Amino acid sequence: MKYQCIRCSLTWGEGEPERDGYSHGLCGTCLKDALTPIYRKRQAKEGNFDCFGKAADFCDQFTCKYRELCLKSM
Ligand code: SF4
Ligand SMILES: [Zn+2]
């Protein structure tokens, strides 16, 4: 299936959109953008730094539950 981001129109995946159409969703970058304010608010509520998405490509907080998406390069 070929996907198209509803926000930036980026496409990814395999398939023939002329025949099957697109499946819509958010690309990785737009998903991370959308989740950033939500996750930062959550971090602050949990009494932590609201650091989601602020680390360049390394963070020493190996047990952070936001780590996978936070450090994912898009
Ligand atoms: S991985 Fe590091 S920078 Fe990212 S949210 Fe967790 S603690 Fe913050
Ligand atoms: Zn997008």
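Donors here are N, O and S atoms within 2.8 Å of the metal. With that settled, here are some close-ups of a predicted model.

**View 1. The zinc ion (ligand 2) and its protein donors.** Four cysteines supply the SG atoms here: Cys5, Cys8, Cys27 and Cys30, sitting 2.3 to 2.4 Å from the zinc ion. Read along the sequence, these donor residues follow the spacing C-x2-C-x18-C-x2-C.

**View 2. The angles around the zinc ion (ligand 2).** The 4 donor atoms subtend angles of 104 to 116°. Four donors pass as tetrahedral if all angles lie between 85 and 135 degrees, so this arrangement gets called tetrahedral.

**View 3. Ser9, in the loop between β1 and β2.** Ser9 isn't a glycine, yet its phi is positive, at about 70°. With 45% relative accessibility, Ser9 counts as partly exposed. The backbone oxygen of Ser9 is 3.5 Å from a polar atom of the Gln4 side chain.

View 4. Setting aside neighbours within four places in sequence, Gln4 is in contact with Ser9, Leu10, Thr11 and Trp12, plus Tyr22, Ser23, His24 and Gly25.

Conventions
Residues are numbered from 1 along each chain as its sequence is written. Chains are lettered from A and ligands numbered from 1 in the order in which they are written. This is a predicted model: local features need pLDDT of at least 70, side-chain atom pairs count only at pLDDT 80 or more; totals for chains, interfaces and linings use all residues. Side-chain values use heavy atoms; hydrogens and water are left out. Donors are N, O and S atoms within 2.8 Å of the metal (3.2 Å for Na, K and Ca); water is not among the atoms, so sites may look incomplete. Four donors count as tetrahedral if all angles lie between 85 and 135 degrees; four count as square planar and six as octahedral if opposite donors are over 155 degrees apart and all others between 65 and 115; anything else is irregular. A polar contact is a pair of N or O atoms within 3.5 Å; within protein, one must be able to donate a hydrogen and the other to accept it, and residues adjacent in sequence count only if both atoms are side-chain atoms. Contact means heavy atoms within 4.5 Å. Helices (H or I, at least four residues) and strands (E, at least two) are DSSP runs, numbered from the N terminus. Buried means under 20% relative accessible area, exposed over 50%, partly exposed in between (1.4 Å probe, protein chains only).
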